[in-house]
Amino acid sequence: MLIRSLAYVGLTTRDLAGWESFAGEVLGLPADRAGDRLLLRMDERIYRFDLRQGEREELAWLGWEVASAADLAEVERSLTAAGLPVHRADDAECADRRLIGMISVRDPAGVRHEIGYGQEADFRPLRLTRPLSGYLTGGFGMGHAVIGVKEYDETLAFLVDGLGFRISDTFGGFIAFLHCNPRHHSIALVHTDEPGLRHIMLETTGLDDVGATIDVCLSRGIVTRTLGRHTNDRAVSFYLSTPSGWEIEYGWGGIEVDSADHSARQLVGPTSLWGHQHLVDNEIRSS
Ligand SMILES: [Fe+2]
């Protein structure tokens, strides 16, 4: 698999100031604000979230990592051979993304995927802004993204045949969970008439981090789903609302998938073993 992990996400928001305080006070992430751009760090990488001032609260791109220039060229060749219009970033675009090399392509749903290598990293100890043990990143990437799309079959084929993702599970013929490293899924697609970013999942290295963060979120009234455990990746997590309106799934303890011996599964039953009840203003929604 040439794509190794979700390295970064690009997002637009009307509320960069809100994001800056939210990142520091809720997620514990140090922020670097430069004009109409806000970069958030989770680890040694110079950023994981790239927020830009904009008119809409939406995903602008997903940044996938490959290991080398040779791997990038191979991904470019295979996408081009499949007839997809691939854009090769020039020096200015690479500098903007803090990468050595990058290509980009749009999937059938219109989501922009950037594939690159050589992201800047600063290995001096990172001081999170809240007492947390830290985030599970490294070879697992920054987390996972769940995207709603109308063009479900075509986008799934693009991810599998074009980018080389492998299916971990499907659910009900309208959700697909895909992996590119031991994280159970780095991206999931949901077939819907309301496309767009559903959530980004961040995984901590300790359960107490989840507990401490749910306390912060309850005090701010931004918990959207109660603590629960998903059936497929087994992560213990809750959901919270970001300043943009889309959610972050905040969890710990997801299983690891070994691509060499994982068989795709078709899930039945509820998607959570327990919990994940929907909350509105800290009250369980009665429907
Ligand atoms: Fe999730």
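Domain bounds here come from an automatic or database domain assignment. On that basis, the chain divides into domain 1 (5–117) and domain 2 (138–284). The model is predicted, so local features need pLDDT of at least 70 and side-chain atom pairs count only at pLDDT 80 or more, while totals for chains, interfaces and linings use all residues. Residues are numbered from 1 along each chain as its sequence is written, and side-chain values use heavy atoms, with hydrogens and water left out.

The C-alpha centres of domain 1 and domain 2 lie 19 Å apart. Their contact (heavy atoms within 4.5 Å) takes 35 residues from domain 1 and 38 residues from domain 2. The buried area, meaning the accessible area (1.4 Å probe) that two parts lose on being put together, summed over both, is about 2,600 Å² between these domains. Carbon and sulfur atoms give 77% of that area. On the side of domain 1, Leu6, Val26 and Pro108 supply 20% of the area buried against domain 2, more than any other three residues.

Polar links also cross this interface. Four residue pairs are in polar contact between domain 1 and domain 2, both residues being at pLDDT 80 or more. A polar contact is a pair of N or O atoms within 3.5 Å; within protein, one must be able to donate a hydrogen and the other to accept it, and residues adjacent in sequence count only if both atoms are side-chain atoms. Between the two domains the count is one salt bridge, a term for a side-chain nitrogen of Lys or Arg within 4 Å of a carboxyl oxygen of Asp or Glu.

Looking at the whole structure, the search finds 19 salt bridges. Arg88 pairs with Glu76, and their closest N and O atoms are 2.7 Å apart. Arg88 sits in strand β6 (residues 87–88) and Glu76 in helix α2, twelve residues apart. Helices (H or I, at least four residues) and strands (E, at least two) are DSSP runs, numbered from the N terminus. Arg88 is partly exposed, with a relative accessible area of 42%; buried means under 20% relative accessible area, exposed over 50%, and partly exposed in between (1.4 Å probe, protein chains only).

Another salt bridge joins Glu114 and Arg97 at 2.6 Å, N to O. Glu114 belongs to strand β8 and Arg97 to helix α3 (residues 91–97), 17 residues apart. Both Glu114 and Arg97 are buried. These two residues also take part in a network of salt bridges that includes Arg37, Asp50 and Arg52.

The side chains of Asp169 and Arg265 meet in a salt bridge too, at 2.6 Å, N to O. Asp169 lies in strand β10 (residues 166–171) and Arg265 in strand β17 (residues 265–267), so the pair ties together parts that are 96 residues apart in sequence. Asp169 counts as buried at 0% relative accessibility, whereas Arg265 counts as partly exposed at 35%.

His144 in strand β9 (residues 144–149) and Glu249 in strand β16 (residues 247–252) are 105 residues apart. His144 is buried, with a relative accessible area of 2%, and Glu249 is buried at 1%.
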